[in-house]
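Here is a friendly walk through one protein model, written for someone who likes to think in side chains. Have the sequence and the 3D view open as you read.

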Amino acid sequence: MTRPFSSNRGRGSARPTLYVFRSEKNAELNAFATSPTGSGLPEKFAPWIGTGSVAPHAAPPFGLSREAIESGIAERGFQLWRRTKHT
């Protein structure tokens, strides 16, 4: 199985742009991927709507760990995260 991103930390490789998506099926569910189209995101939560991107040198939103996101992408091809509603 080909992965869209392979972590080569420590070898001088560039970090990828992270693309941010939200699930139309579950308003609290979001995802990061390295594909601008969101290909490879879980179908059971589709459709996925692109909401933005995080440049290679930028920090992800909401204090999320870029290292954890990149690790999830290297392992699964995407990284899911939940954003809870505040009442």
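## P42 and its neighbours

Leaving aside residues up to four places away in sequence, P42 touches W48, F78 and L80, where contact means heavy atoms within 4.5 Å. P42 itself sits in the loop between β2 (29-33) and β3 (48-54). Helices (H or I, at least four residues) and strands (E, at least two) are DSSP runs, numbered from the N terminus.

Is P42 buried or exposed? With a relative accessible area of 15%, P42 is buried. Here buried means under 20% relative accessible area, exposed over 50%, and partly exposed in between (1.4 Å probe, protein chains only).

## How to read the numbers

This is a predicted model, so local features need pLDDT of at least 70 and side-chain atom pairs count only at pLDDT 80 or more, while totals for chains, interfaces and linings use all residues. Residues are numbered from 1 along each chain as its sequence is written, and side-chain values use heavy atoms, with hydrogens and water left out.

Which strands pair with β2? β1 and β2 pair in the antiparallel sense over four bridges, and β2 and β4 also pair in the antiparallel sense over four bridges. Two strands count as paired if DSSP finds at least two bridges between them. On the β1 side, Y19 has A33 of β2 as its bridge partner, and the two strands form a hairpin with five residues between them. On the β4 side, L29 stands opposite R82.

## Q79 in strand β4

Q79 is found in strand β4 (residues 79-82) and is buried, with a relative accessible area of 18%. Its contacts, not counting residues up to four places away in sequence, include N30, A31 and F32, as well as A68, I69, G72 and I73.

The side chain of Q79 also makes a polar contact of 2.6 Å with that of R76. A polar contact is a pair of N or O atoms within 3.5 Å; within protein, one must be able to donate a hydrogen and the other to accept it, and residues adjacent in sequence count only if both atoms are side-chain atoms.

## Salt bridges

Side chains of opposite charge can pair when their charged atoms come close. A salt bridge is a side-chain nitrogen of Lys or Arg within 4 Å of a carboxyl oxygen of Asp or Glu, and by this rule the count comes to five. One of them joins R15 and E70 (3.3 Å, N to O). This pair links distant parts of the chain, with R15 in the segment before β1 (18-23) and E70 in helix α1 (residues 66-76), 55 residues apart. R15 is partly exposed at 30% relative accessibility, whereas E70 is buried at 1%.

E70 also forms a salt bridge with R66, the closest N and O atoms being 2.8 Å apart. Salt bridges that share partners join R15, R66, E67 and E70 into one network. Another salt bridge brings together E24 and R22 (2.8 Å, N to O); E24 is partly exposed at 44% relative accessibility, and R22 is partly exposed at 32%.
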